[in-house]
Amino acid sequence: MRKLSVSVTILQVAVILSLGFAPQLAGTSPTGFNFLANGDFETGNLTGWNVGGVCQVDNSTVHSGQFSAYVSDVAFNSWISQHFYPETNLCVDDDLILNGWVFPSSVGSLGSVAYPFSVIRLYFVNATSGDPALMVSYDWCWNEYENNVTTAITFLLDFQANQWNLLSRNVTSDIYSFYGNMDYSNVFLSYITCLYHFSDVSPGAFYVDELELTSSAEAREPLISVQPPNTVNNSPTQGMRFHVNITIQNVSNCGSLQMTLIFNGTQIALVGVSFLPDANLPTPMYFQSGNGFMSTNVTFGSPIRTVSPVTIIDLTFKLYNRYCESSLHIDSLVVADLSGQILQSDSEDGYVQIRLTGDLNRDSAVDISDAIILANAYGSTLSAPNWNPDADINGDGTVDIYDAIILVGHLGT
Ligand SMILES: [Ca+2]
Ligand SMILES: [Ca+2]
Ligand SMILES: [Ca+2]
């Protein structure tokens, strides 16, 4: 996966004039789920929002419902903002759609110095490092500083003062339009802010209402997986060892993991457990390998941030004989963030299928007993009463001479 190599410090300025009412890819909500809490402000307060400076809910200038939010210009900075990670894990590639209504007191370019700017911004971080990755700024009132110096992808909106203006943007398309259609899956949305900056001679206050942030993807839950999902081997030796990994992905702030792995303890034994990566050595940890299960409770010293799978546990299994068919089932999974808050998570089990080619009766040998089984099914096809899928060694839907040749070739193994 390519990693986005930009950072805020080296971002170029993009000033892309665009019309607030121009047709956008936005405007509809693919899933209908608004990731912004209280975006319509109908709670009558700023519940769900972080507030700086002087902001309040208003009931006189409202787009819909009974309330809007008012971002004043009486403080040096005033803003309302919402943070998104760790729970939502929204990425640029998730096709983020931002909709809302803005009622500005001032619009357009306001010159070179000491003028305010009024914006709605989205900040993204690199999911691996947590460092700022990029920022998208939607401006309707700006000064020369904001226009030329700021380190953002900036869209100057053609809003009208003292009336409601529709803000409808496909944030993902806006980012693509600047950086191109590359892989941004490691770039998480960190927070959104509705910001008035710099109180001086010009008014910059504004109202917002009906703010919606939606995604083409549901918020992706942390996923714990067995990798590889399928372990297949057709020429095992007795006591053969094999590895499977437990991986984690879609996390931006994972602090701990509890899980149990259940497997067929009569066919395989767990003989090794190591925790990765070294940078996040778990404390404490324990495991039990009897009776076909392994339980662990891992705490990470620093949070794991990743969208793509990262190995956290490397398991070594040993084959008792030369046959194993076992699920590797992840059970009792609890994923929590660094503060201990439990995250809704998902898991994907693995499967092991190890059998000698020609060992139709699964007794770890290829001998006359297997040849008899094949003989009983000889000449059959899928619909035949004597069809035996085990006897169709080459998997072509017929038990015939070709399967017999394969079996004979493995006799005695
Ligand atoms: Ca409202
Ligand atoms: Ca056999
Ligand atoms: Ca066949």
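In which sense do strand β17 and strand β19 pair, and over how many bridges? In this predicted model, β17 (residues 251–262) and β19 (residues 293–306) pair in the antiparallel sense over nine bridges.

**A covered strand**

Let's turn to strand β8 (residues 117–126), which is mostly covered, with ten of its ten residues buried. Phe117, Val119, Arg121, Tyr123 and Val125 point one way from β8, while Ser118, Ile120, Leu122, Phe124 and Asn126 point the other way. Strand β8 pairs with β12 (residues 187–197) in the antiparallel sense and runs antiparallel to β9 (residues 132–142) as well. With β9 it forms a hairpin that has five residues between the two strands, and Gly130 in the turn has a positive phi of about 80 degrees.

| Strand pair | Bridges |
|---|---|
| β8 and β12 | ten bridges |
| β8 and β9 | eight bridges |
| β6 and β11 | six bridges |

**An open sheet and its helix**

Five strands form an open sheet in the order β3-β4-β13-β6-β11, with antiparallel pairing. Strands β3 (55–58) and β11 (165–170) each have a single partner strand, so they stand at the edges with one side left without a neighbour in the sheet. On average, neighbouring strands of this sheet are turned by 30 degrees against each other, direction ignored. Strand β6 (residues 96–104) runs antiparallel to β11, and Ile97 has Asn170 of β11 as its bridge partner. Helix α2 (residues 171–179) packs on this sheet, touching β6 and β11, and its direction makes about 65 degrees with that of β11.

**Two helices side by side**

How do helices α3 and α4 pack, and at what angle? Helix α3 (residues 368–377) and helix α4 (residues 401–410) pack at an angle of about 180 degrees, with their axes 10 Å apart; they are therefore roughly antiparallel to each other. Asp370, Ala371 and Leu374 of α3 make the contact with Asp403, Ala404 and Leu407 of α4. The contact residues divide into four nonpolar, no polar and two charged.

Note on methods: Residues are numbered from 1 along each chain as its sequence is written. Chains are lettered from A and ligands numbered from 1 in the order in which they are written. This is a predicted model: local features need pLDDT of at least 70, side-chain atom pairs count only at pLDDT 80 or more; totals for chains, interfaces and linings use all residues. Two strands pair if DSSP finds at least two bridges between them. Helices (H or I, at least four residues) and strands (E, at least two) are DSSP runs, numbered from the N terminus. Axes are lines fitted to C-alpha atoms, for helices over the stretch in contact, and angles run from 0 to 180 degrees between N-to-C directions. Angles under 35 degrees count as roughly parallel, over 145 as roughly antiparallel, 65 to 115 as roughly perpendicular and the rest as oblique. Two residues are in contact if their C-beta atoms, placed from the backbone, lie within 7 Å. Ala, Val, Leu, Ile, Met, Phe, Trp, Tyr, Cys and Pro count as nonpolar, Asp, Glu, Lys and Arg as charged, and the others, Gly among them, as polar. A residue is buried if 20 or more other C-beta atoms lie within 10 Å of its own, exposed if 12 or fewer, and partly exposed in between; C-beta atoms are placed from the backbone.
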